[in-house]
Amino acid sequence: MSSSLTSHSMVLTAAGPGRWTTHAGPEWRNPGGGLWGGYAIGLAVRVMEAEPQAVGEPLSITLTYAAALPSGDLLVRTRRLRQGGSIGVWEVEVCIAATGEVGVHAIVTMARRPDTPAFAFASMPAAPEPETLPSPDTMPGGSEHFGAQAFERRSAEGFPPKPGPDSRSLAWVRSRRGPWDKALLGMVTDNSAPRAFYALGMSVSTTTLSLTVYLHATSYELAAIGDDYILIECEGRVGAGGASDERSSYWSRDGKLLATSEQLAWYRERRREPPE
């Protein structure tokens, strides 16, 4: 007998040990047609929360985007690689249901979060309060960012992207799909514009190759934030030979670092059509 779990428009149906099915609706597509990369992050979190043998909560996720996933029916496979006293390591594959082709491969670290002394070396950047910034409906291109269906984004600096010497951007973001949780925090790490746009403009096409997310906040800490804004600081460092990188940090309004991420993207110049 199958069972279902519904959250954030992700309906997971258990299809056997380590196997789940879901349907990704068209609202999760990027303008280019394939599924938004953040959807796969949220799906990996959701399936691990549903996996009966998983212990603890997601602490880190490393995803490799092997092939574009279309909207429609998907198959998710899970496999436990190791379980220790506090840490478990799992493999998650998101596949096209009709063919079984793997689109996204993920390694998820699950953890029991012990009560240990806290420390912090990083500090939150200065930014104007989100309520003082224009809504996305009044910003040029504000409704075109990746994940616009899931998040409201109010940019403080660095948007829309344009070529220049600095790739840094700051934005306040809050969920359109309920209070913050681990899935939404993971999904928002693929919410910023590709950093190649800040060097070369919009004349390039780009896609994520790999993305690693570190979910520092516990589920309890995220629940305390509710549906408030969080601050995203994102910057790129280098691009050449078709590959560019970026890193980002995610802060609560009171200055707590909630998550960090590292991403490697593939980019190339768009082909120009010859004049007629």
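**Entry 1: the β8–β9 loop**

I began at P160, which sits in the loop between β8 (151–157) and β9 (169–175); strands here are DSSP runs of E with at least two residues, helices are runs of H or I with at least four, and both are numbered from the N terminus. The model is predicted, so local features need pLDDT of at least 70 and side-chain atom pairs count only at pLDDT 80 or more, while totals for chains, interfaces and linings use all residues. Residues are numbered from 1 along each chain as its sequence is written, and side-chain values use heavy atoms, leaving out hydrogens and water.

I checked the peptide bond between F159 and P160 and found it cis, with omega about 0°.

**Entry 2: S167**

I stayed in the loop between β8 and β9, where S167 is also placed. Is S167 buried or exposed? I noted a relative accessible area of 12%, so S167 is buried (under 20% is buried, over 50% exposed, partly exposed in between, with a 1.4 Å probe and protein chains only).

I then listed what S167 touches: R195, Y198, C234, E235 and G236, leaving aside residues up to four places away in sequence. Contact means heavy atoms within 4.5 Å. With G236, a polar atom of the S167 side chain lies 2.7 Å from the backbone nitrogen.

**Entry 3: cysteines**

I looked at C234 next, and it is buried because its relative accessibility is 0%. C95 is buried too, at 0% relative accessibility. How many disulfides did I find? The count is zero, taking a disulfide as a pair of cysteine sulfur atoms within 2.5 Å.

Since 13 of its 14 residues are buried, α1 is largely enclosed by the rest of the structure.

I followed this into the largest nonpolar core, which has 52 residues, with Y39, L63, F151, W180 and V188 touching the most other members. α1 gives the most to this core, nine residues. A nonpolar core is a set of buried Ala, Val, Leu, Ile, Met, Phe, Trp, Tyr and Cys residues joined through side-chain atoms within 4.5 Å.

**Entry 4: W180**

I finished with W180, in the loop between β9 and α2 (182–188). W180 has a relative accessible area of 3%, so it is buried. Its side chain reaches the backbone oxygen of D228 at 2.7 Å.

Key: A polar contact is a pair of N or O atoms within 3.5 Å; within protein, one must be able to donate a hydrogen and the other to accept it, and residues adjacent in sequence count only if both atoms are side-chain atoms.
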